[in-house]
Amino acid sequence: MTLFRNKLALFGTVLIGFLVVIALLAPLLAPYDPSEIDLSSRLTGPSREHLLGTDQLGRDVFSRMLYGARISLSVGFVAVGISVLIGIFLGSIAGYFGGRLDTLIMRFVDVMLCFPTLFLILAIIAILGPNIFNVMVVIGITSWMGVARFIRAEILSLKEQEFILAARAIGASPFRIIVRHLIPNGITPVLVSATLGIAGAILTESVLSFLGIGVQPPRVSWGSILIEGKSVLDVAWWLMLFPGLAILVTVLAYNLLGEGLRDLLDPRLRDQI
Amino acid sequence: MKRYLLKQLLARIPLLIGITLISFMVIHLAPGKPTQLQTEMNPKVSYEAIQRLEKLYGLDQPLYVQYWRWLSRLVRFDFGISFQDNRLVLDKIVERIPITLFLSFLSLIIVFLVALPIGVISAVRHNSLLDKTLTVLVFIGFAAPGFWVALLLMQLFSVKLGWLPVSGIRSFGTEHFSLMEQVVDVGKHVVLPVFVATSGSLAGISRYMRGSMLNVIRQDYIRTARAKGLPEGLVIYKHALRNALLPIVTILGLSLPGLLGGAVISETIFGIPGLGRLFFEGVMARDYPLVMGGLVMGAVLTLLGNLLADVAYGLVDPRIRILGEERPAG
Amino acid sequence: MQHPPLPNSAPFFFLKPLQILFFSLFFLSGCGGADLPEEKQFSADPIPVTGDRFITGSIAEPKNLIPILASDGASATIVGQVFNGLVKYDANIELTGDLAERWEVSEDGLEITFHLRKNVRWHDGYPFTSEDVLFTYQKLIDPKVPTPYSGDFERVKDVEIVDSHTVKVTYKEPFSPGLASWGMAVMPKHLLENEDLTNTPFSRNPIGTGPYRFKEWKTAQYVELEVNPDYFEGRPYIDGYLDRVIPDQSTLFLELRVEGVDSLNLTPLQYQRQTGSPFFKETYQRFRYPSFSYAYIGYNLADPRFKDLRVRKALTMGLNRQAIIDGILFGLGRESTGPFVPTSWAYNPKVSPLPYDPDEAKRLLAEAGWEDHDGDGWLDKEGERFEFTLITNQGNEQRKMIAELAQRQWEKLGIRVKIWIIEWTAFISQFIDQKKFEAFILGWGLGRDPDLYDIWHSSKTRAGEFNFIQYHNEAVDQLIEEGRRTFDQEKRKAIYHRLHWMIYEDQPCTFLYVPDALPIFHARFKGIELAPLGVGHNFIKWYVPKHQQKYLTQ
């Protein structure tokens with residue numbers, strides 16, 4: 001467990017673990033129904049009844065934050081899961097088979113990299129309609145290119161190595177070689193980029209909320225709570241402060257974990273840790 | 001070298017066409033028509049009037065016809081006319097370039113000025129308390145949502161303290177001010193937008209620099225230099241730094257398209273007339289010619305940036321040879 | 001029922017182009033109120049003086065300053081300051097002459113003769129004549145000009161120049177809303193006759209006859225106007241008019257806080273919670289009066305579930321509309337009872353809103369066959385659960401909150417509601433125009449003329465037309481047509497009172513509320529007058545006392 005000798009990475013891991021537990025236990029921990037409207041107590045500050053205050057419809061911000069954690073965290077996992085799958089699939093095909101297929105796929109990667117991500121996201125959301133699953137999918141399909149490049153490069157350098165040649169010699173299918181031998185050996189940089197990708201996806205979700213194409217009520221994400229607080233910042237600071245901090249801390253945790261992983265997995269740096 | 005460049009440029013043209021084709025399809029697939037926003041659900045707008053608008057814009061034609069028309073105009077550098085206000089797309093883009101470039105260059109310079117030293121220090125003092133503190137700081141900058149920081153800072157510095165203006169790029173009634181006063185006025189307007197842009201990008205560059213520097217420090221020639229008994233400062237700053245900066249050149253090339261990309265969020269909050277906002281509103285209004293114009297510009301810059309990065313890398317790193325034909329001098 | 005931009009009478013306070021639906025060009029008041037700054041308003045400086053500049057802000061940038069092409073709120077506002085129509089509404093919402101001195105309507109209602117003001121000059125010094133009126137009309141009906149305002153003018157048979165300052169308009173059939181349509185701003189023939197209106201520098205450099213002349217347009221920053229010293233109604237006191245483009249709602253409000261803009265249309269929340277501090281009370285003056293608009297929840301009347309009047313009634317009665325007004329509008333509005341607002345002469349005060357009565361709503365639903373047969377907590381009928389999607393456009397906080405409240409309250413009736421908030425262009429073209437919706441929240445900004453043809457007549461249901469809820473009632477259709485043919489005010493009033501009642505009885509949608517208009521102005525502006533039309537009508541009479549002037553001009 002060398003990773004945990006890196007204190008920052010340890011801190012990140014513990015924090016993420018804590019947030020995941022909170023998100024899972026949200027229904028048990030939340031003092032109120034997160035969509036229960038109480039117009040008589042709208043925009044009240046943090047108090048004993050409402051730990052983090054209430055929003056414009058008098059809903060309990062603390063409860064909404066707990067439920068929001070579920071959405072915000074899953075956006076990260078799902079979006080990155082999608083991008084890693086696409087990236088591994090295309091990257092390994094390109095790297096293993098090479099030739100025309102490789103050229104074609106890598107050209108496609110170039111094309112994708114030329115698009116401003118925001119444009120793609122806006123256009124695709126407009127086609128699919130705004131809801132949280134589409135947001136996850138869209139972030140996923142606009143961010144797989146890095147993974148594809150990593151995997152391809154790794155496979156290119158691995159595929160002429162003896163154990164692969166040996167596997168091929170005993171008649172293993174390309175699928176088997178890719179899945180059993182190449183991907184497991186090339187996965188390390190992907191792990192790092194995926195961890196950082198989760199952080200990026202959480203931030204992207206908040207930007208999409210800012211642009212008004214994030215989650216749909218009654219679902220809440222930290223991003224959507226934050227945006228609702230934007231117009232009332234001078235009278236209800238708690239609406240913006242807490243979700244903003246939550247995003248900051250979570251993204252930070254993922255980044256520290258990612259950096260720790262990078263140091264751990266980078267063979268050139270390994271002896272230094 | 002010239003032949004190489006030309007060849008590379010030509011090779012990228014099909015790519016460019018591919019990009020425009022995909023963009024054209026994506027934006028036309030998105031539901032909604034440009035006539036919608038223009039007529040804004042105004043009951044006085046008759047059914048016939050909308051049909052007429054669509055015909056005028058050629059929207060009644062099949063998609064491939066529209067694309068062909070667009071492409072054949074593009075060859076003559078005619079980007080068409082914006083659906084939103086009937087102005088030339090090129091004019092709309094060009095008038096926003098100066099302010100966008102100004103802000104992004106300023107941010108880029110500051111990012112490099114701050115991030116490179118951070119990266120070097122982090123590498124030299126690898127795993128020290130200082131390294132860790134700097135790491136956490138730059139990551140906080142990255143992790144805080146930009147618009148959140150922007151609004152909080154605006155609330156503090158512009159509203160509560162009254163030190164900075166809220167939005168725009170200059171005050172009204174400053175036309176007769178002295179040059180110095182005008183510079184200060186503009187400066188005050190751009191402090192927050194530049195800060196927000198900078199704080200988010202520090203992490204990337206400084207981490208990259210750190211990694212690059214760590215890489216170099218472990219190389220044999222640095223060990224040799226140390227072994228020769230050269231002073232540590234000289235080793236680090238003369239030998240190691242120079243080589244560690246090489247990959248950073250690539251990053252510079254890759255930030256080229258970003259320079260003109262603008263930042264929708266920051267421009268929206270601070271009321272800055274930049275390109276990011278223009279294209280965002282274009283997408284929202286289904287202003288096809290404007291969006292396509294922006295995408296072509298972005299794609300060309302990205303391709304050029306990639307090319308430049310390749311070439312620059314080849315120029316500064318003698319180990320990389322271009323096509324094996326020529327070895328660039330230096 | 002949005003009218004073309006009527007010069008001068010148009011106040012300049014827009015929130016967003018989208019909210020043109022909520023806040024129409026013309027604000028109206030019956031009973032209104034003003035929060036004047038503590039410093040007494042009328043004592044100092046009894047004699048108005050010239051000088052200073054008025055700075056307002058809008059979220060969207062104007063798109064096109066050619067009057068007949070200006071369809072967005074921001075453009076219409078500027079056009080209103082630079083141009084004039086033949087007629088306009090005065091402070092008491094009576095039609096009065098603008099560029100026309102007077103007019104006559106023939107006995108049969110088919111002919112209107114306008115007598116134009118003499119000695120009116122365009123901002124470039126060229127005299128204004130009948131030619132300009134004819135030219136504007138020709139452009140309005142020119143198929144090559146993409147104007148959204150051709151509708152009313154397609155009923156015109158002929159426009160004829162009698163002499164240099166007399167114009168005669170002949171209609172194909174009697175058309176009572178016709179006169180008001182001549183509030184359309186008149187364009188200068190001498191500058192535009194050889195121009196292609198879709199591609200002319202005039203669209204960013206307009207020349208009109210209005211109280212302010214165009215000075216400069218800095219894209220995405222501001223549009224600046226300067227006073228027209230030769231204005232035919234007298235020189236306005238305020239020297240400059242500046243419309244800043246500030247694309248973010250919250251930033252716009254912060255600009256107000258630091259006095260970067262002089263006026264804003266407040267949201268109910270800003271009015272009630274954010275502008276009550278001593279600073280605001282000293283620095284600003286707030287106004288409040290009912291707007292000429294209403295918000296509603298529309299149902300797809302082609303959907304068998306919503307075809308049933310009992311279901312629509314139940315949905316209305318199961319929704320606490322007063323709670324929406326109290327909770328979301330902070331009390332700054334009143335319940336809507338139909339297609340007219342209380343301050344219109346067409347409004348029938350005898351129509352009273354359906355009470356909030358969830359039990360009665362449940363009874364009505366049961367009567368219509370909707371009961372919880374399978375015991376899962378949701379109503380069902382013939383094995384199908386009562387479940388629908390409520391959509392609204394993105395960017396409107398109030399509508400989003402209404403949706404969340406409605407979702408909650410209808411859930412208690414046993415109806416499952418999903419919410420979809422969709423970006424404007426997709427919302428209109430994909431859902432509203434295609435009639436691919438079950439229920440939606442929108443609002444209408446109303447014109448001054450009560451004609452209901454475009455929104456409620458059963459012939460107006462094609463894609464892009466406005467009876468998208470597909471309301472169909474023969475008797476209503478006939479009355480609407482009769483209202484358009486009738487010129488006698490008392491007869492028209494009777495027709496519209498009856499229409500108001502009939503439409504509310506049908507409950508084609510859930511009428512929610514008529515919001516208040518809540519403009520705020522910097523306290524240094526004096527002479528602001530709240531009238532039935534609103535506050536912008538006498539803008540040329542506003543002034544700033546010398547010692548309070550803030551901006552140096554000229």
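Helices (H or I, at least four residues) and strands (E, at least two) are DSSP runs, numbered from the N terminus. The model shown is predicted: local features need pLDDT of at least 70, side-chain atom pairs count only at pLDDT 80 or more, and totals for chains, interfaces and linings use all residues. Residues are numbered from 1 along each chain as its sequence is written, while chains are lettered from A and ligands numbered from 1 in the order in which they are written.

**View 1. Chain B, with 17 helices and 0 strands.** Of the 330 residues in chain B, 43% are buried (20 or more other C-beta atoms within 10 Å of the residue's own; exposed means 12 or fewer, partly exposed in between; C-beta atoms are placed from the backbone). Among contacts in chain B (C-beta atoms, placed from the backbone, within 7 Å) with a separation of 6 or more, 70% join residues 24 or more positions apart.

**View 2. The largest nonpolar core, with 304 residues.** Such a core is a set of buried Ala, Val, Leu, Ile, Met, Phe, Trp, Tyr and Cys residues joined through C-beta atoms within 7 Å. Met65(A), Val251(A), Leu390(C), Ile402(C) and Ala406(C) have the most contacts inside this core. Helix H3 of chain A (residues 61–97) supplies the largest share of the core, 18 residues. Apart from its neighbours within four places in sequence, Met65(A) contacts Leu52(A), Trp222(A), Ile225(A), Phe242(A), Pro243(A) and Ala246(A).

**View 3. Helix H9 of chain C (residues 309–317).** Because 7 of its 9 residues are buried, H9(C) is largely enclosed by the rest of the structure. Val311(C), Arg312(C), Lys313(C), Ala314(C), Leu315(C), Thr316(C) and Met317(C) are the buried residues. Against them pack elements of chain C: strands S14 (293–299) and S21 (509–517), together with helices H8 (304–307), H11 (358–367) and H12 (397–411).

**View 4. Strand S8 of chain C (residues 166–171) and its pairing with strand S6 (residues 111–116) of chain C.** Strands pair if DSSP finds at least two bridges between them. S6(C) and S8(C) run antiparallel over 5 bridges, and His115(C) stands opposite Thr166(C). Strand S7 of chain C (residues 156–163) also pairs with S8(C) in the antiparallel sense, over 6 bridges. Here Asp163(C) stands opposite Thr166(C), and 2 residues separate S7(C) from S8(C) in a hairpin.

**View 5. The contact between chains A and C.** In this view, 19 residues of chain A are in contact with 24 residues of chain C. The chain A side divides into 11 nonpolar, 5 polar and 3 charged residues. Ala, Val, Leu, Ile, Met, Phe, Trp, Tyr, Cys and Pro count as nonpolar, Asp, Glu, Lys and Arg as charged, and the others, Gly among them, as polar.

Definitions and conventions: Two residues are in contact if their C-beta atoms, placed from the backbone, lie within 7 Å.
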